[in-house]
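Please consult the sequence and the structure below before turning to the notes.

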Amino acid sequence: MPLGLVYKDDVQVALKGFLVELMRDKRIQGVLVPSRMEKEGTYTYILTKEREGIEKSTPIAPIMPIQGARVLSKLTIKGALSRPVVAILRPCELRAAKELAKINQVHLESFLTVSFDCPGVYPLKNYRDEMEEIEKRFPEELKSFSLKNTRPLCKSCIYFTGDIADFEVQFANQKEVMIIARTEKAISILKELGKAQEVRGRSEEDISNIMENRKVNKDNFLKTFGSQVDTPDKILKVLSSCINCRNCRSVCPVCYCRECFFDSDALKTSPHLYIERAERKGGLRFLPDTLLFHLGRMNHMSLSCVSCGMCEDACPNMVPVGRLFSLVSERTRSIFGYVPGISVEPSPLLEYKTEELKEYEVPYHTARD
Amino acid sequence: MQDDSFEPKIFYALCAWCGSGGTETAGAFRLKYPENIRPFRVNCTGALDPVYILRALVEGADGVCISGCHPGDCHYDIGNFRARRRIAIMKEILNVFGIDGDRVWLRWVAHGEGKKLADTAYEFTEFIKKKGPNPLKRWDT
């Protein structure tokens with residue numbers, strides 16, 4: 001049986017207790033945990049080692065205004081931390097962090113990751129509108145693992161458990177909270193604390209109803225949403241409300257380029273070229289290059305898209321960007337059988353095989369006379 | 001239905017070593033290719049960012065063809081292997097939105113294969129003529 005800890009409390013209390021417990025290990029120099037900012041009424045990550053800070057935090061927040069992978073990247077993009085920091089991450093945040101670690105934009109060894117069964121998050125806009133009500137009903141919904149009106153992508157997320165973290169927190173469909181050490185690093189820390197016990201862990205059966213539900217939602221999403229954008233007319237209609245703010249790009253955890261092509265001089269052309277383009281196309285939408293921006297971004301990072309839905313949440317004009325990317329990424333990833341964050345090999349864009357993908361080449365059979 | 005008045009505009013990306021070499025060989029043999037082709041020399045097919053191909057399509061090119069060294073022959077060892085993956089990804093993305101990944105062709109042409117290059121140019125032009133104009137040639141992209 002795996003080693004771990006068992007808590008009888010509510011999951012938020014259990015997680016906070018666990019963090020306090022971990023801080024007893026002198027090697028750990030802090031925790032990164034979502035906390036509510038009272039005045040602003042939003043949640044954000046706090047890096048702290050004070051007990052008070054941990055007590056006030058909300059390890060499982062109802063919203064995700066910042067993608068945790070970006071927090072880890074900010075902290076370690078210039079190098080490793082001297083001693084580990086504990087980071088509480090949702091599964092999608094952890095998957096994104098693992099993707100970034102593959103291209104040296106996160107130093108994962110600097111962190112001790114804790115991830116949990118994720119019930120999904122509310123869209124930021126809903127939270128703004130119904131903050132009090134959501135805050136009131138969230139603890140109950142978390143307990144029963146059924147959030148209403150989450151981000152559309154959360155409803156169809158099938159990688160919602162924390163088993164790729166150092167510590168996996170299991171509480172969905174369980175009476176108690178089980179925290180299980182999944183890596184050598186985690187086991188050694190538990191042993192050092194002298195608290196480790198054997199935990200039975202839950203079986204796949206225990207969460208099969210949630211998984212089934214998510215799988216059905218995912219199939220539905222791929223089919224119905226897929227058919228809403230499957231012609232140039234339809235996709236341009238969907239993108240017609242894009243206001244070129246590029247929010248989707250700036251909140252995306254896996255948009256890894258340090259300088260974006262779409263900010264480069266390549267797209268700043270001389271005036272007469274705009275006139276030429278407008279003549280050629282019977283007019284030119286301003287600002288131009290909306291479709292190019294979205295398609296270009298899909299080409300660059302759809303393989304690493306973890307379907308967290310940050311982009312959709314950040315869109316001020318309700319473009320379903322997250323769903324577009326998720327739909328596309330499902331198709332592009334299937335070429336290589338790659339699952340971002342879960343597959344351990346580097347992104348398929350960084351590798352190749354000498355014999356592959358013949359079906360994408362056009363064969364030359366007969367010479368013309 | 002084939003529109004006889006339709007003359008496609010085709011963007012043909014050629015790598016500097018093989019694809020462009022193919023055009024030279026074709027020239028040496030006095031072979032012709034259709035005037036619909038706009039050749040575009042890149043150092044390596046692996047240096048051709050998908051965005052360039054997309055930009056051609058979004059700006060109204062009716063088709064994009066890419067030719068470079070045969071697998072294993074790349075001047076930079078692995079450029080064409082990377083290109084193949086990128087193009088596969090791009091075709092899938094275009095297919096999701098019904099923009100038609102078949103408007104993008106990838107066919108390897110070696111330096112000596114002048115005939116193959118000219119043939120490809122003809123074949124692709126005919127193929128695009130049958131397909132009709134690019135649906136993205138509209139103002140609201």
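The notes that follow treat a sheet in chain A and then the interface of chain B and chain A. The model is predicted. Chain A holds an open sheet of eight strands with mixed pairing, and about 4800 Å² is buried between chain B and chain A.

**The sheet of chain A**
- The strands of chain A follow the order β3-β2-β4-β5-β6-β7-β1-β8.
- Strands β3 (42-48) and β8 (197-198) of chain A each have a single partner strand, so they stand at the edges, and one side of each is left without a neighbour in the sheet.
- In general, the strands of a sheet pair through backbone hydrogen bonds, either parallel or antiparallel.
- Strand β1 (residues 3-7) of chain A pairs with β8(A) in the antiparallel sense over two bridges, and A:G4 stands opposite A:Q197 in β8(A).
- Helix α8 (residues 184-193) of chain A packs on the sheet and touches β1, β5, β6 and β7 of chain A. The direction of α8(A) makes about 60 degrees with that of β1(A).

**The interface of chain B and chain A**
- Chain B contributes 43 residues to the contact, and chain A contributes 55 residues.
- Carbon and sulfur atoms give 62% of the buried area.
- B:E59, B:R85 and B:F97 supply 18% of the area that chain B buries against chain A, more than any other three residues.

**Polar links and composition**
- Six salt bridges are found across the interface. In the salt bridge of B:R85 with A:E356, the closest N and O atoms are 2.9 Å apart.
- There are 25 residue pairs in polar contact between chain B and chain A.
- Helix α3(B) gives the most to the side of chain B that touches chain A, with 14 residues.
- That side of chain B has 22 nonpolar, three polar and 18 charged residues.

How values were computed. Residues are numbered from 1 along each chain as its sequence is written. Chains are lettered from A and ligands numbered from 1 in the order in which they are written. This is a predicted model: local features need pLDDT of at least 70, side-chain atom pairs count only at pLDDT 80 or more; totals for chains, interfaces and linings use all residues. Side-chain values use heavy atoms; hydrogens and water are left out. Two strands pair if DSSP finds at least two bridges between them. Helices (H or I, at least four residues) and strands (E, at least two) are DSSP runs, numbered from the N terminus. Contact means heavy atoms within 4.5 Å. Axes are lines fitted to C-alpha atoms, for helices over the stretch in contact, and angles run from 0 to 180 degrees between N-to-C directions. Buried area is the accessible area (1.4 Å probe) that two parts lose on being put together, summed over both. A salt bridge is a side-chain nitrogen of Lys or Arg within 4 Å of a carboxyl oxygen of Asp or Glu. A polar contact is a pair of N or O atoms within 3.5 Å; within protein, one must be able to donate a hydrogen and the other to accept it, and residues adjacent in sequence count only if both atoms are side-chain atoms. Ala, Val, Leu, Ile, Met, Phe, Trp, Tyr, Cys and Pro count as nonpolar, Asp, Glu, Lys and Arg as charged, and the others, Gly among them, as polar.
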